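Thanks for coming. Please have a look at the model on the screen before I go through a few of its features.

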Amino acid sequence: MGVIATIATVVLAISFMVFVTFFGRLPALRGTPISWLHKVIWVHFPNLLKSIDRRVTGGRISPACVRFGNYMMYDRHPSVLIFFLLLLSIGEILYLPTAWPQLSPLVKFTGTISIILPYLFLYLAAFTDPGYITPANHSQEMSRYPYDFTLFHPGNECHTCHLLKPARSKHCSVCKRCIAKNDHHCIFINNCVGANNQHWFILLLLSTAVLTAYGGILGVHLLAKKMNFFFPYWALLPWNANNGEGMPLRDWLVIWSWGFQNQVGMGAVTLLAGLTSPLVWGLLGYHVWLVYCGTTTNESMKWSDWSYEMREGYAFKRRMLEAGQRQKDLRVEPGWTRWPAETEQVLVRTENGQSPAEDDQTLPGYGPWEAVWGLKDVENLYDIGFWDNLVDVMVPGYNFRGEPSAARGRGGLRQRKKRRAKRIYLA
């Protein structure tokens, strides 16, 4: 079991490090060992190395390491994308020569599709414009989503692009561009995940999750069939061996080790697929949950900040006029959007925990201010129900309410389409 145990340990360690890197900063994991480990790896350990470098070399090595680390983590380069492609390709080269002759025509057909789709969706996710905002398409992007006066307010300008920020957009420091509905920058595709390629990214996760699960399950089946041929008393589960009488765990593991090493290429890839599949399914589940909640990774961070302000008693809200009644400042806010809802609230934070003055004309909305103590008391404008959220993701730019001329006088559209958000994803 030495070789197999080493491979399993390395794969599990890499998978765990990837999980900590991606999820360690999520608000939902604050105060957990995952968050603590993320700080140790990405904050305390680098600081320790800098301290050692200052004492030993006078700090001559640290700047070069920092520049290299910043380039790898915060600059646009295809290193991880190439690594991902090599991992897929080399795994298939090792796996298929042994497995292919043993497969039925149906399994060969479905297996071929499962192999091709990740490459296709990786290409589409990586090379599709994620939603770059330019002077040429700025007015169109402004009409994609309305401002919710909570996470996104009109009148904010990107200091780099010198354009008004459309609702749900964010400037990416890696791509050096403003991205419509920016979710996050993904190093695996060397591109941002935004309004125009989010669906390809989710399909990439889905196809990769299916491929790893398919390869792992199929590999276990083929290995088990060969082990059963040479060791008829063996079974896939140790308590089912010896015709249900069971067998010692050590003997069962030894036969597994023989099976992996007898077909080492397929065995290693089967092990890799089985150990990494839960990570890929976890990433897929995370993004499906974001769709369900009508939010993005970037917005979930913003909601987390609001949650903290609410718990401390610094958040207040009041009502906004209904759609069609509020006079918009067309210099900084679109007069019409394709979205089927307009905001019902304005949310503000104060420094002293005192509500703003009711007659403060510098703040939008009307009526008295109400203290907000939790996210359940506010709406998420961008959550219009799971199926409509899914349509918004899978059909970029889908027009929920027709052309501007057709939408006039349809104040009731909000009540028909918008559902009050009962959950806001915090992670």
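Predicted model: local features only at pLDDT ≥ 70, side-chain atom pairs only at ≥ 80, totals over all residues.

Residues are numbered from 1 along each chain as its sequence is written, and side-chain values use heavy atoms, with hydrogens and water left out.

Helix 10 covers residues 264-293, 30 residues in total. Helices here are DSSP runs of H or I with at least four residues, numbered from the N terminus. From first C-alpha to last, helix 10 reaches 44 Å, close to the 44 Å expected at 1.5 Å a residue; that expected span is 1.5 Å times one less than the number of residues. At threonine 276, shortly before proline 278, helix 10 has a kink of about 35°, taken as the angle between axes fitted to the seven residues ending there and the seven starting there. Just after helix 10, glycine 294 has a positive phi of about 65°.

Which residues of helix 9 meet helix 10? They are Phe260, Gln261 and Asn262, and they meet Val264, Gly267 and Leu271, where contact means heavy atoms within 4.5 Å.

Now the cysteines. The whole structure has zero disulfides, a disulfide being a pair of cysteine sulfur atoms within 2.5 Å. Cysteine 178 is in no disulfide either, with the nearest cysteine sulfur, in cysteine 158, 3.4 Å away.

Definitions and conventions:
Helix = DSSP H or I, 4+ residues; strand = E, 2+ residues; numbered from the N terminus.
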